[in-house]
Amino acid sequence: MALISCLCLHARSQVQYGDNKAAGHYLATRGIKLYYETYGQGDPLLMLHINGGSIRVFTYQIPYFMKNYRVIAVDSRAQGKSADGTDSLTFEMMADDFNALLDSLRLDSCYVLGWSDGGISGLLLALRHPEKVKKLVVSGPNLWPDTTGLQPFIFHWLENMADSMHRLPPNPQNKNDLKIVELDLREPHMTLAQLHGIQCPTLVIGGDHDAIPSYHLWQISQNIPRSNLWIVPNSGHFVAVFRQNYFNAVVGDFFRTPYQKIEGMGMLH
């Protein structure tokens, strides 16, 4: 789940990420034109944004990571510049879109950073196309759409938003906006047992006051065999924005450092 991105970033870069013609590309795939931007050189790093957002939400991450990685930031289908006129929208569809993008770029694997809905898609990418994900970072994902996978206030807020949107004129823009909101009310539908199939090292992130309950994030981490959990104090769902320096440093360290499982007497170190 992700908060709909009516919450705006407070700073603007000179580069307008998400609307940069010099870095932008389209891929015609799976019935849509998928928009993405590329920055930097090095090992590929795929960035997947929140619900209702776009590449722009990574304004604080792209300039940091492009120094050492080939950043590939994508507008998910039906969002940003990736227009989708169909009625259907699922996280599985989006995960398969990203796999098709990697294939088109002739990339056999990459690092993945997914925020919220992008984190859900990242988990599904690692499950459906495991060979494609070297390491995975997911900030604020959820596994199921109810008041245990989302904070009750947030879940009911989304319900009320969808109810209001149903009363709007059914023009293409309103229909698309409703489709995006209802995605988080209907999906995802992953089980804890499914997570055991994720073999790549994974870092699960959330704020201690996140829209996703900390216990749910702990459950996700506990059921991925090679995982770490980072709960950020005094933070909500937008850790990547409001704690960007801290977030970037921890994520960068996770990507650089070989995964080590701590167990036995190591738990006392």
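This is a short tour of the structure, stop by stop, with something to select at each one.

**Before you start**

You're looking at a predicted model, where local features need pLDDT of at least 70 and side-chain atom pairs count only at pLDDT 80 or more, while totals for chains, interfaces and linings use all residues. Residues are numbered from 1 along each chain as its sequence is written, and side-chain values use heavy atoms, with hydrogens and water left out.

**Stop 1: the whole chain**

Show the chain as a cartoon. Along the principal axes, the C-alpha atoms fill a box of roughly 65 × 40 × 35 Å.

Of the 269 residues, 56% count as buried. Buried means under 20% relative accessible area, exposed means over 50%, and partly exposed is in between (1.4 Å probe, protein chains only).

**Stop 2: a network of charges**

The structure holds 8 salt bridges, each one a side-chain nitrogen of Lys or Arg within 4 Å of a carboxyl oxygen of Asp or Glu. Select Arg-30, Arg-77, Asp-84, Asp-97 and Lys-179 and show their side chains: salt bridges link them in a network.

Zoom in on Arg-77. Which side chain meets Arg-77 at 2.7 Å, N to O? That's Asp-97, in a salt bridge. This pair links distant parts of the chain, with Asp-97 in helix α2 and Arg-77 in the loop between β4 and α2, 20 residues apart. Arg-77 also has a salt bridge to Asp-84, at 3.7 Å, N to O. Is Arg-77 buried or exposed? Arg-77 is buried, with a relative accessible area of 3%. Asp-97 is buried too, at 0%, and Asp-84 counts as buried at 8%.

Next, follow Asp-84 to Lys-179, where the side chains meet in a salt bridge at 3.5 Å, N to O. Asp-84 is in the loop between β4 and α2, while Lys-179 is in helix α5, 95 residues apart. Lys-179 is buried, with a relative accessible area of 8%.

**Stop 3: along the loop from β4 to α2**

Stay in this loop, between β4 (69-74) and α2 (91-104), and pick Ala-78. Its phi is near 75 degrees, a positive value in a residue other than glycine. Ala-78 is buried, with a relative accessible area of 6%.

Then click Gln-79, in the loop between β4 and α2. Gln-79 is buried at 5% relative accessible area. Leaving aside neighbours within four places in sequence, Gln-79 is in contact with residues including His-49, Asn-51, Met-94 and Ile-180.

**Stop 4: Tyr-69**

Move to Tyr-69, in strand β4. Tyr-69 counts as buried, at 8% relative accessibility. Not counting residues up to four places away in sequence, Tyr-69 touches several residues, among them Tyr-39, Leu-45, Tyr-111 and Phe-255. For a sense of scale, draw a distance from the C-alpha atom of Tyr-69 to that of Trp-157: the two are 88 residues apart along the chain and separated by 37 Å.

**Stop 5: two backbone details**

Select Glu-187 and Pro-188. The peptide bond from Glu-187 to Pro-188 is cis, with omega near 0 degrees. Pro-188 is in the loop between α5 (172-186) and α6 (192-195).

Finish at Asn-234, in the loop between β8 (227-232) and α8 (239-242). Phi of Asn-234 is near 55 degrees, a positive value in a residue other than glycine. Asn-234 is exposed, with a relative accessible area of 70%.

Technical notes: Helix = DSSP H or I, 4+ residues; strand = E, 2+ residues; numbered from the N terminus. Contact = heavy atoms within 4.5 Å.
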